[in-house]
Amino acid sequence: MNNETQAATRAAIYIRVSTDRQAERGYSISEQETKLKAMCTAQGLKVYKVYCDDGYTGSNMERPALKKLLKDVWEGKIKSVVIYKLDRLSRDIQDLLEIIRRIFMPSKTRLISLTESIDTCTPGGRAALNVLATFAELEKDTINERMEMGRIGYVKSGKWFGKVPFGYDRNKEGNLVLNADAIKVRQVFDMYLHGKGLKEIAETLKLTSSESVNSILKSKASHGFVQYRGEYFQGIHEPIISKETYDIAAELRARQKFMQKGSAPSPYVLVGLLYCGKCGSKMAYVKQEHYTKIVCHSTRKSRPHLIVDPNCKNPRLRAVNVEETVLEKLFNRVDGIKDSWSESDTEEKRIALRSRIEKIIVTDGDIDIHWHQGH
Ligand SMILES: [Zn+2]
């Protein structure tokens, strides 16, 4: 046998055991080693080295012997790697395929699994590997699907899934039961239908914020519904308010939202882009009694380090007007952006503006937009 064929038969054995219990089930280090050595002999392979990770799980890829093995494979020291089962290398099929693709294939190293008749050197073995990978994926999908079906079934039977809504607790059987806050839910609706604002309701009922009042008004749990991924089903829990009350409040919310649109500035979407054309300082959104305004930092005392010219006379502008002008120019410039604008949230709007606008210079009511190149 010449040197080259000797090198070609050089094989490594890789063994992994995670726990003592595996050793009891015929996976012990010595049993794996004996069987793998016998296979090497049968295939005419010379055992170069035995790599062994004792006490590591197959999902942990930070295993010392595995690392050493992959390094040796990569450096071309070994031509075949023999394992008892594919999951000895990795429990995650994606990690396994990654190792094979990135390390075994480029170095033309065979991977041979004793129990799965996989040999990456033969077309049949490679096909078997692909089939195995497909089944592993399929299994994962099936488990997810089964869990999903389980959840849908659960919710369709009227039970609540997920975070327990305000006004309820979950009992031992997993069902929603009214708690002491239920009375507050009723009060929220009562006050809202009597024209009280969200903030006032929050303060009176000692709720954390007007946002939490809003979510109480929005939740369909309080009139007996359960929901899953935006679909609603009749729940089996006791409602706090009637469907009529909920519907009237919903209508009121819709009307108020409609009336606010266009008159309220979207929350500070131009923040960070605004500069004063008179002194060069940054400009800020400042909430005043009736309107939110855009103000040169030089004219404010709160951020002394941003003052450029304490005598700056750049007038304050209503934020709504500045935003309107900027948006008009943006809509004219970028096709199609207008249609989706009202659906976008604040963060999306900020990103859309920032990716196109370098800065906005405001001088005596004039608004000069500096666009990024290419926009
Ligand atoms: Zn200024």
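Modeller: Two strands count as paired if DSSP finds at least two bridges between them. Strands (E, at least two residues) and helices (H or I, at least four) are DSSP runs, numbered from the N terminus. Residues are numbered from 1 along each chain as its sequence is written. This is a predicted model, so local features need pLDDT of at least 70 and side-chain atom pairs count only at pLDDT 80 or more, while totals for chains, interfaces and linings use all residues.

Colleague: Thanks! How many helices and strands are there in the protein chain?

Modeller: The protein chain has 14 helices and 15 strands. Its radius of gyration is 34 Å, well over the 21 Å that the globule rule gives for 375 residues, so the chain is more spread out than a compact globule. That radius is taken over C-alpha atoms, and the rule is 2.2 Å times the number of residues to the power 0.38. Along its principal axes, the C-alpha trace spans about 95 × 60 × 40 Å.

Colleague: Now a sheet, please. In which order do the strands β10, β14 and β15 lie?

Modeller: The general idea is that strands of a sheet pair through backbone hydrogen bonds, either parallel or antiparallel. Here three strands form an open sheet with mixed pairing, in the order β10-β14-β15. Its edge strands, each pairing on one side only, are β10 (274-276) and β15 (366-371). Neighbouring strands are turned by 25 degrees against each other on average, direction ignored. For such angles, axes are lines fitted to C-alpha atoms, for helices over the stretch in contact, and angles run from 0 to 180 degrees between N-to-C directions.

Colleague: Which residues of β15 are bridge partners of K359 and I360?

Modeller: K359 has H370 as its partner, and I360 has I369. Strand β14 (residues 357-363) pairs with β15 in the antiparallel sense, over six bridges. The two form a hairpin with two residues between them, and D364 in the turn has a positive phi of about 45 degrees. By contrast, β10 and β14 run parallel and are joined by three bridges; C276 stands opposite V362 in β14.

Colleague: On to helices. Which residues of α6 are buried?

Modeller: An α-helix has 3.6 residues a turn, so residues three or four places apart point the same way. In helix α6 (residues 93-104), L96, I99, I100 and F104 are buried (20 or more other C-beta atoms within 10 Å of their own, the C-beta atoms being placed from the backbone; exposed means 12 or fewer, partly exposed in between). They cover an arc of only 95 degrees around the axis, which puts them on the same side of α6; the arc is that of the directions from the helix axis to the C-beta atoms. On the other side, Q94, R101 and R102 are exposed.

Colleague: Last one: which residues touch the most other members of the largest nonpolar core?

Modeller: In soluble globular proteins, nonpolar side chains tend to be buried together. A nonpolar core is a set of buried Ala, Val, Leu, Ile, Met, Phe, Trp, Tyr and Cys residues joined through C-beta atoms within 7 Å. The largest one has 28 residues, and A12, I13, Y14, L69, V81 and V82 touch the most other members. Its largest share, five residues, comes from β1. Apart from it lies another core, of 18 residues, among them C276, I294, V322 and I367.
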